[in-house]
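This report describes how two chains of one model meet. Please look at the structure before reading on.

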Protein chains: 4
Amino acid sequence: MAPSPHQLRLRVRYGETDQMGVVHHANYLAYFEEGRTRMMADLGCPYGELERAGIGLPVRKVELRYRAPALYEDELCVETRVTRLRAASVSFGYEIRRVADDELIVTGESELACVTLGPERKVLALPDSLRELLEPHLEGAV
Amino acid sequence: MAPSPHQLRLRVRYGETDQMGVVHHANYLAYFEEGRTRMMADLGCPYGELERAGIGLPVRKVELRYRAPALYEDELCVETRVTRLRAASVSFGYEIRRVADDELIVTGESELACVTLGPERKVLALPDSLRELLEPHLEGAV
Amino acid sequence: MAPSPHQLRLRVRYGETDQMGVVHHANYLAYFEEGRTRMMADLGCPYGELERAGIGLPVRKVELRYRAPALYEDELCVETRVTRLRAASVSFGYEIRRVADDELIVTGESELACVTLGPERKVLALPDSLRELLEPHLEGAV
Amino acid sequence: MAPSPHQLRLRVRYGETDQMGVVHHANYLAYFEEGRTRMMADLGCPYGELERAGIGLPVRKVELRYRAPALYEDELCVETRVTRLRAASVSFGYEIRRVADDELIVTGESELACVTLGPERKVLALPDSLRELLEPHLEGAV
């Protein structure tokens, strides 16, 4: 059975719209980021703690598909899944829907590398504690 | 012979950094947007004019790969190419390098649909005038 | 008796920090905007509806004082009051505190003009319906 | 004789507009920041160097007045002056005009404290080297 995705609700802010009258496309990266970091926090591993321990998860790759525009004041639901766990990286998949009519707004995926923070980033194995928290949420996990 | 890409120089702003000490990954979408719209303006078709004529080019799909972090005050060069021209869409490819050491920072591609502006967007053929301006810059064009 | 302010809780997003390791100062304008527009929505007059009726409330003046830095993942409470109601403008005052320790982070005030939307903005009297909703929340109102 | 202000030209980006069809008001804080940090860099003291030396200039107070809206693709000129120099703070004043018609768009002022960077910020005297560079640009200086 597929693990259920993490769900986060957020409301579109005025400053997130552009003159086309819809959410500017760059803001969905912030929504994705909120999705995965709230997921981590809800699992008991806030991303801020990871950074305080000297570990960072910078985004290495991201893909977005814009399905329908979201509007100012829309309430959106960001669904986040773990789509891949590797030795030193983790990928998250996202579906953003408008709560009012369940319309699919944006889908996407991002791959994050695990690195040491500081002037020179070195690739690092994902901490076991984080891996154990994420594993049950891995898509396709049994 | 490959057409030479459009080049735009910009400098990283303080507010574009995040607490990892580097440019926050969402800002590269703004750099891409500046790249393609300055290209259109330099070719004689500013994007703003298109919108005033009731035509929009919303982003339908985008991919980014983060190669190396850019820092505050870095001067960056955004190289933009036309990678695909279809009946009702156009794709642009991007390479962002740091001017000081020519390091490759981010690469990516975005696909834009051609639509009517207004409450209901209808797919529209790319205006011929725009197609003619972009065609010579199409990657792989002879 | 002073009317109680509107309260909105929000959490600092990663992309809202800068390389100083704190919330970049421009983001508080977005928090203020969320404060006043959520207040209007909770009073029964969502700002979006006003715009759909052809009326806008652009910011004419704003002041901010930064008291203490807010950090990534901090939960903040935005308290919004109506500080002045005039014929064709309304002012809101804000206090933003960190929920965990009640520390005062930012205070400020903004003045919004009431105008017709569209290419040429004309000053407009505040709609009576909006004035009636805001009046009981006017600071110093009896 | 009044020292001439520092001038910076920049072009409004698409993502800086909002659904009112104009530059969203929060973006002017980024324009101000670009104004003062380009001024410092042009005087020979890039703000990034200051931070690398452990010194920060966080914004303590800011005021903005919005005179006229700026539009997408407008070229703007940010004029920056030093309006006050104190032991441990510096204030900058700004005028932003549209280049095409010289229309005044926004004016404002910001006060920056001089502090040590790091978890606890301590107030610090402005470095003499910075003071000497800024002094000749102080409004009203003889």
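The text below covers the symmetry, the interface and the strand pairing.

This is a predicted model, in which local features need pLDDT of at least 70, side-chain atom pairs count only at pLDDT 80 or more, and totals for chains, interfaces and linings use all residues. Residues are numbered from 1 along each chain as its sequence is written, and side-chain values use heavy atoms, with hydrogens and water left out.

Chain B is superposed on chain A by a rotation of 180° with 0.0 Å of shift along its axis, at RMSD 0.0 Å (least squares on the C-alpha atoms of residues with pLDDT of at least 70 in both copies). The two copies are thus related as by a two-fold rotation axis. In chain B, the C-alpha of B:Glu63 is nearest the axis, 2.2 Å from it.

Contact means heavy atoms within 4.5 Å. By this rule, 24 residues of chain B touch 24 residues of chain A. Across this interface there are zero salt bridges (a side-chain nitrogen of Lys or Arg within 4 Å of a carboxyl oxygen of Asp or Glu).

The side of chain B that touches chain A divides by residue class as follows (Ala, Val, Leu, Ile, Met, Phe, Trp, Tyr, Cys and Pro are nonpolar, Asp, Glu, Lys and Arg charged, the others, Gly among them, polar).

| Class | Residues of chain B |
|---|---|
| nonpolar | 13 residues |
| polar | three residues |

Strand S3 (residues 59–66) of chain A and S3(B) run antiparallel and are joined by five bridges (strands are DSSP runs of E, at least two residues, numbered from the N terminus; two strands pair if DSSP finds at least two bridges between them). B:Lys61 in S3(B) is the bridge partner of A:Arg65.

Technical notes. Chains are lettered from A and ligands numbered from 1 in the order in which they are written. Helices (H or I, at least four residues) and strands (E, at least two) are DSSP runs, numbered from the N terminus.
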